[in-house]
Amino acid sequence: MGVPTYDSPMPSLFRRLADGALELPFVYRGLQAPFAEAKLSPFFRHMQGHRLRTVLDVGCGPGTNAAHFAHLDYTGIDINPAYIASASRRHAGRFVTGDVTDASVLPGGQFDCVLMNSLLHHLDDSAVRSLLARVGRLVAPGGAVHILDLVLPPHWSAARALARLDRGRYARPVETWRALFSEAFIVGAFEPYPLGLPFLTLWSMVYCEGVPR
């Protein structure tokens, strides 16, 4: 199930400048802030009534989700050391710098919640399959993996254009996401949803909750 990358219409110089700016924690946080709560809304809706003690946030960025888990045993991992330094200054919890595609980076132990928020569209199919298999082994009994990620809509729209402009080169059609998640997990929830303004979808997203097979 190969997933092609999608060349952006943005000239390569501008893309490099834009991608470089987003590596700065304050730029990333500023762009995420207006939509961060809405992006997480399917996760929180499905978590109502569930009690969490331990959370592993894979691809945590500069602590984008950390404030929601301040009262829990929280661990965040990200490849960007500037993000991790910023998160460590601003939030409670443990923060680790590392490339999560490296099998040695993920911690030992088990977690009630393994969260991956907008990570997998940065990885090709092989890396996604490998990572999903490994995080599945970190799920505690009664726990689950929770994924929110970027969908590539089939037809031209603002959401498709922004998916093609994203730093991640692997935004996928929604059914491709479904197939990848179903290979790794027993899928309990699979919910495509829009993200953006009341009158305009800027990003097409999907939420998945799964438990290891």
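Strands β4 and β5 run parallel and are joined by six bridges. Two strands are taken as paired if DSSP finds at least two bridges between them. Helices (H or I, at least four residues) and strands (E, at least two) are DSSP runs, numbered from the N terminus. Within this pair, Phe111 has Val139 of β5 as its bridge partner. The chain passes from β4 to β5 through helix α5 (residues 125–136), a β-α-β crossover that is right-handed; that is, with the strands pointing away from the viewer, the path from the first strand over the helix to the second runs clockwise.

The model is predicted: local features need pLDDT of at least 70, side-chain atom pairs count only at pLDDT 80 or more, and totals for chains, interfaces and linings use all residues. Residues are numbered from 1 along each chain as its sequence is written, and side-chain values use heavy atoms, with hydrogens and water left out.

Strand β4 (residues 111–117) also pairs with β1 (residues 54–58), in the parallel sense and over three bridges. In this pairing, Val55 stands opposite Cys113, and Asp57 stands opposite Leu115. Seven of the seven residues of β4 are buried, where buried means under 20% relative accessible area, exposed over 50%, and partly exposed in between (1.4 Å probe, protein chains only).

Both pairings belong to an open sheet of seven strands in the order β3-β2-β1-β4-β5-β7-β6, with mixed pairing. Because β3 (94–97) and β6 (185–197) stand at the edges with a single partner strand each, one side of each is left without a neighbour in the sheet. From one strand to the next, the twist averages 15 degrees. Axes are lines fitted to C-alpha atoms, for helices over the stretch in contact, and angles run from 0 to 180 degrees between N-to-C directions.

Helices also pack on this sheet. Helix α3 (residues 36–47) lies across β4, β5 (139–151), β6 and β7 (200–212), at about 145 degrees to β6. Helix α6 (residues 158–165) touches β5 and β7, and its direction makes about 70 degrees with that of β7. Contact means heavy atoms within 4.5 Å.

The protein as a whole contains seven helices and seven strands, which follow one another from the N terminus as α-α-α-β-β-α-β-β-α-β-α-α-β-β. Of its 213 residues, 49% count as buried. Among contacts between residues at least 6 apart in sequence, 66% join residues at least 24 apart.
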